[in-house]
Amino acid sequence: MPALSQTDPLIADLIAKEQRRQETTLELIASENHVSQAVLDAVGTVLTNKYAEGYPGARYYGGCEFHDQIEQVAIDRAKQMFGCRFANVQPHSGANANLAAFLSLLQPGDRYISLNLASGGHLSHGMKLNTSAIFYKPDHYELDPKSQLIDFESVRRKAHEVKPKLILCGYSAYPRTIDFAKFRAIADEVGALLMADVAHIAGLVVGGAHPSPFPHAHVVTTTTHKTLRGPRGGLILTDDEALSKAINRSVFPGSQGGPLMHVIAGKAVAFGEALKPEFKAYAAQVVRNAKALAAALTDLGYRLQSGGTDNHLMLVDLRARNADYTGADAERALERAGIITNKNAILNDPRPPKVTSGIRLGTPAVTTRGLGEADMAAVASFIDRAIGAKDEAASAEVRREVAAMCERFPMPH
């Protein structure tokens with residue numbers, strides 16, 4: 001067949017431009033990473049041609065011999081990574097994984113508690129427009145307003161007040177270690193199940209840089225990208241045999257049809273990479289880099305929510321530097337300078353979600369490129385100068401320095 005550049009030069013050109021954008025910018029969005037060439041190779045294969053509804057050995061279509069083997073490899077590696085007895089590798093995304101987990105654990109109208117979106121939760125943890133709030137009844141525990149850490153007394157009070165069927169932990173913007181054992185103890189007090197969404201920290205868990213949700217959580221969901229450094233997708237894990245059957249039914253046919261077998265192949269490759277000794281070194285470096293970046297920003301006068309980080313991300317309250325400066329302002333200014341971030345609400349943020357008073361920063365992608373702790377002071381300086389740039393010339397100078405750093409630390413191939 002002709003190459004993409006011949007059959008559709010417009011799309012080929014846009015893909016090439018996006019590749020160049022990634023190569024010449026510093027990716028500091030905490031939920032993004034750079035996959036290996038091996039993962040890219042697996043995802044871009046003829047596996048995309050095949051319907052494989054069902055599970056290995058029990059498909060609804062013929063011709064699935066090799067798809068069965070690929071999915072079983074992904075399942076076995078996922079179980080090995082997390083030290084659990086069951087894995088469903090078919091969810092198309094983390095949100096789909098959460099939807100399927102809810103379908104397996106709850107009945108419509110059942111109550112559960114989670115951290116709300118504005119405090120660092122996730123939209124699939126009870127945001128009012130999401131299925132997690134449309135079909136179920138969420139309530140929320142809080143962060144301690146002073147320490148900005150999980151307030152376990154709030155969790156306990158809410159659990160005893162609501163008597164939920166499920167307690168949900170794991171977050172999209174929480175920079176500290178999650179104490180899964182404490183959550184399980186509270187769940188046991190009220191007879192609730194515990195679900196851990198470890199989408200952000202999965203790679204740190206696998207790499208030994210964050211405590212595991214097992215054996216505490218009844219069900220664990222995650223994405224397969226972010227710190228796990230695989231293709232975009234989801235994963236559901238458990239040690240409970242009865243729950244495993246319910247989870248399989250909830251993924252297919254409960255919430256999805258045919259799995260994306262090319263993506264599952266990419267997951268299998270990424271899981272194989274995560275099982276190698278060098279991935280532990282990577283996970284540890286992600287955390288060291290985050291701590292170094294947090295310290296450098298603090299030295300420059302920025303306030304970080306909870307005072308720092310234990311994992312791969314941090315929330316920067318921009319008001320400490322300029323009360324009128326918003327997260328949206330910072331996101332735009334940083335992108336002009338070649339630094340990719342996202343605006344993010346800080347605790348009790350007075351500004352709306354499309355504006356915010358903060359930005360969220362993460363180190364998974366820059367660590368993949370090879371940056372180390374010594375480079376984080378320079379990155380912090382880039383951030384500070386880009387945010388403070390008074391004109392296009394100042395922004396362009398930061399952009400040139402960022403591009404030079406990107407040349408020194410090329411993308412993985």
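Predicted model: local features only at pLDDT ≥ 70, side-chain atom pairs only at ≥ 80, totals over all residues.
**Helix H5**
I started with H5, residues 94–105. Its 12 residues reach 16 Å from first C-alpha to last, close to the 16 Å expected at 1.5 Å a residue. Next I looked up the N-terminal end. Ser93 caps it, with a side-chain oxygen 3.4 Å from the backbone nitrogen of Ala95. Then I checked burial within the helix. The buried residues include Gly94, Ala97, Phe102 and Leu105.

**Aromatic pairs**
I searched the whole structure and got 8 aromatic pairs. I took up Tyr141 and Phe183. Their ring centres lie 5.7 Å apart and their planes meet at 50 degrees, so I log the pair as tilted. Tyr141 belongs to strand S6 and Phe183 to helix H8, 42 residues apart, and the pair links distant parts of the chain. Are these two residues buried or exposed? Tyr141 is buried at 0% relative accessibility. Phe183 is buried too, with a relative accessible area of 0%.

**Charges over rings**
I looked at two arginines. The charged end of Arg229 sits over the ring of Tyr282, 3.9 Å from the ring centre. For Arg321 the ring is that of Tyr302, and the distance to its centre is 4.9 Å.

**The open sheet**
I traced 4 strands in the order S11-S12-S15-S14, with antiparallel pairing. S11 (303–304) and S14 (342–344) are the edge strands; each has a single partner, so one side of each lacks a neighbour in the sheet. I then checked how S14 meets S15 (residues 358–362): 3 bridges join them. Asn344 stands opposite Gly358 in S15.

Terms used. Residues numbered from 1 in each chain as written. Heavy atoms only, no water. Helix = DSSP H or I, 4+ residues; strand = E, 2+ residues; numbered from the N terminus. Expected span 1.5 Å × (residues − 1). Buried < 20%, exposed > 50% of the residue type's maximum accessible area, 1.4 Å probe, protein only. Polar contact = N/O pair within 3.5 Å; in protein donor to acceptor, adjacent residues only side chain to side chain. Pairing = 2+ DSSP bridges. Phe/Tyr/Trp six-rings, centres within 6.5 Å; stacked < 30°, edge-to-face > 60°. Lys NZ or Arg CZ within 6 Å of the ring centre and 35° of its normal.
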